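Visitor: I am new to this structure. Please take me on a close look at one part, starting from the whole.

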Amino acid sequence: MSQSEIRNGRYQWWRWPFVVILPPVVALAAAFIFHWIQWFGMKMQGGYSEDGWMVLYIAPLFTAAILGWSYAWVAALTAPSAKFPASVVMSMLLAAMGGVASVAAIVGEQYPAYQAVSVSLMTFAGVCGLVGALVQIKKHGGTL
């Protein structure tokens, strides 16, 4: 951060608390809208049922990837400076929560095997979305 940014008041310090609040909210909204569009598209084609393998296993993977991608991007766009490091830290938090959810699903006796596999695959898809977004953010540098 340069002295001219501080002098001109361009450093918007008040945005830092929103780096913690906005990514989960916006990412969940984006994932919900994306999943709804997938569901609506499948229903309009008439080929898939709501208990079919496409809706139960494949669509959630894409939704998890969109959640991870939008989570990292919103963290980078919200941060006033150090956009890439802020996005990396927030992405690590989301990946850690996904890892805890995967371990809980695998170890938990109340979950059947297919749910444990589904949660683990969704965590992997979400991390893939995070990594893809981080690569894009790093490529753009500080020009977001």
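Visitor: First, how many helices and how many strands are in the chain? Then please show me the largest pocket and what lies around the helices that line the largest pocket.

Guide: The model is predicted; local features need pLDDT of at least 70, side-chain atom pairs count only at pLDDT 80 or more, and totals for chains, interfaces and linings use all residues. Residues are numbered from 1 along each chain as its sequence is written, and side-chain values use heavy atoms, with hydrogens and water left out.

The chain has five helices and zero strands. From the N terminus, the order reads α-α-α-α-α. (Helices are DSSP runs of H or I with at least four residues; strands are runs of E with at least two.) The chain counts 144 residues, and 31% of them are buried. (Buried means under 20% relative accessible area, exposed over 50%, and partly exposed in between, with a 1.4 Å probe and protein chains only.) Take the contacts (heavy atoms within 4.5 Å) in the chain with a separation of 6 or more: 71% of them join residues 24 or more positions apart. The accessible surface (Shrake-Rupley, 1.4 Å probe) is about 9,100 Å². Carbon and sulfur atoms hold 73% of that surface.

Now the pocket. The largest pocket has a volume of about 250 Å³. (A pocket is an open set of points on a 1 Å grid where a 1.4 Å probe fits, with protein on both sides within 12 Å along at least five of seven lines; lining residues have an atom within 4 Å of a point.) Its lining has 16 residues. Nearest the centre are Ala-64, Leu-67, Gly-98, Met-122 and Thr-123. Helix H3 (53-78), H4 and helix H5 (113-140) each give at least two lining residues. H5 gives the largest share, six residues. By class, the lining has 11 nonpolar, five polar and no charged residues.

Stay with Leu-67 for a moment. Ala-29 sits 38 residues from Leu-67 in sequence, yet their C-alpha atoms are 8.6 Å apart. Ala-29 belongs to helix H2. At 37% relative accessible area, Ala-29 is partly exposed.

Val-19 is in H2 too, which covers residues 16-45. Val-19 counts as buried because its relative accessible area is 4%. Its contacts, beyond neighbours within four places in sequence, are Ala-75, Thr-78, Ala-79, Ala-86 and Met-90. The C-alpha atoms of Val-19 and Val-74 are 7.9 Å apart, across 55 residues of chain.

Ala-79 leads on to Lys-83. The side chain of Lys-83 reaches the backbone oxygen of Ala-79 at 2.6 Å. Lys-83 lies in H4, residues 83-107. Lys-83 has 13% relative accessibility, so it counts as buried.

Next, the loops at either side of H4. Ala-82 is in the loop between H3 and H4. Its phi is near 50°, a positive value in a residue other than glycine. Ala-82 is partly exposed because its relative accessibility is 43%. Leaving aside neighbours within four places in sequence, Tyr-111 is in contact with Ala-104 and Ala-105.

Methods. Polar contact = N/O pair within 3.5 Å; in protein donor to acceptor, adjacent residues only side chain to side chain. Points joined across faces, edges and corners; volume = space filled by probe spheres on them. Nonpolar A, V, L, I, M, F, W, Y, C, P; charged D, E, K, R; others polar.
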